[in-house]
Amino acid sequence: MGREQVPMTAGVESRVTVHYRLEDPGRIAVFSRARLAIAAILAVVLLAVGVI
């Protein structure tokens, strides 16, 4: 519990913003625009192919 994962670009003494979940403060809320974009593109491709 004492360690948090940070980006590889963060160095010693770098400031990193951490967002916590309101309903469970022990868990970090992770949001990535790149991950959201990839999921949206994948959903469109799967819809076009007819898998979904």
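Reader: Which residues lie nearest the centre of the largest pocket, and how many residues line the pocket?

Author: As a general idea, rolling a probe the size of a water molecule over the atoms shows where empty space is left. In this predicted model, the largest pocket is lined by 12 residues, and those nearest its centre are Gln5, Thr17, Ile28, Ala29 and Val30. The space in this largest pocket comes to about 370 Å³.

Reader: What is the make-up of the lining of the largest pocket by class?

Author: Eight of the lining residues are nonpolar, three are polar and one is charged.

Reader: Turning to the surface, which residues form a nonpolar patch, and what accessible area do they have together?

Author: The patch consists of Val6, Val16, Val18 and Tyr20, which together have about 320 Å² of accessible area. To be joined in such a patch, a residue needs over 30% relative accessible area. Val6 has a relative accessibility of 42% and therefore counts as partly exposed, while Val18, at 35%, is also placed in the partly exposed class. As for their place in the chain, Val6 belongs to the segment before helix H1, which spans 33-49, and Val18 is likewise found in the segment before H1.

Reader: How should I read separation along the chain against separation in space, and what are the values for Met8 and Ala48?

Author: Met8 and Ala48 lie 40 residues apart in sequence, with 36 Å between their C-alpha atoms. For Pro7 and Ala43, a sequence separation of 36 residues goes with a C-alpha to C-alpha distance of 27 Å. Val18 and Val51, which are 33 residues apart along the chain, have C-alpha atoms separated by 36 Å.

Reader: Finally, what is the phi of Glu13, and where is Glu13 placed?

Author: Most residues other than glycine have a negative phi. Glu13, although not a glycine, has a positive phi of about 70 degrees. This residue, Glu13, sits in the segment before H1, and because its relative accessibility is 79%, Glu13 counts as exposed.

Methods: Residues are numbered from 1 along each chain as its sequence is written. This is a predicted model: local features need pLDDT of at least 70, side-chain atom pairs count only at pLDDT 80 or more; totals for chains, interfaces and linings use all residues. Side-chain values use heavy atoms; hydrogens and water are left out. Patches are made of residues with over 30% relative accessible area and no salt bridge: like charges are joined within 9 Å, nonpolar side chains (Val, Leu, Ile, Met, Phe, Trp, Tyr) within 5 Å. Accessible areas come from the Shrake-Rupley method with a 1.4 Å probe; for residues, only the protein chains shown count as cover. A salt bridge is a side-chain nitrogen of Lys or Arg within 4 Å of a carboxyl oxygen of Asp or Glu. Helices (H or I, at least four residues) and strands (E, at least two) are DSSP runs, numbered from the N terminus. Buried means under 20% relative accessible area, exposed over 50%, partly exposed in between (1.4 Å probe, protein chains only). On a 1 Å grid over the protein atoms alone, a cavity is a set of points where a 1.4 Å probe fits but cannot get out, and a pocket is an open set with protein on both sides within 12 Å along at least five of seven lines; lining residues have an atom within 4 Å of a point. Grid points are joined across faces, edges and corners, and a volume is the space filled by probe spheres set on the points. Ala, Val, Leu, Ile, Met, Phe, Trp, Tyr, Cys and Pro count as nonpolar, Asp, Glu, Lys and Arg as charged, and the others, Gly among them, as polar.
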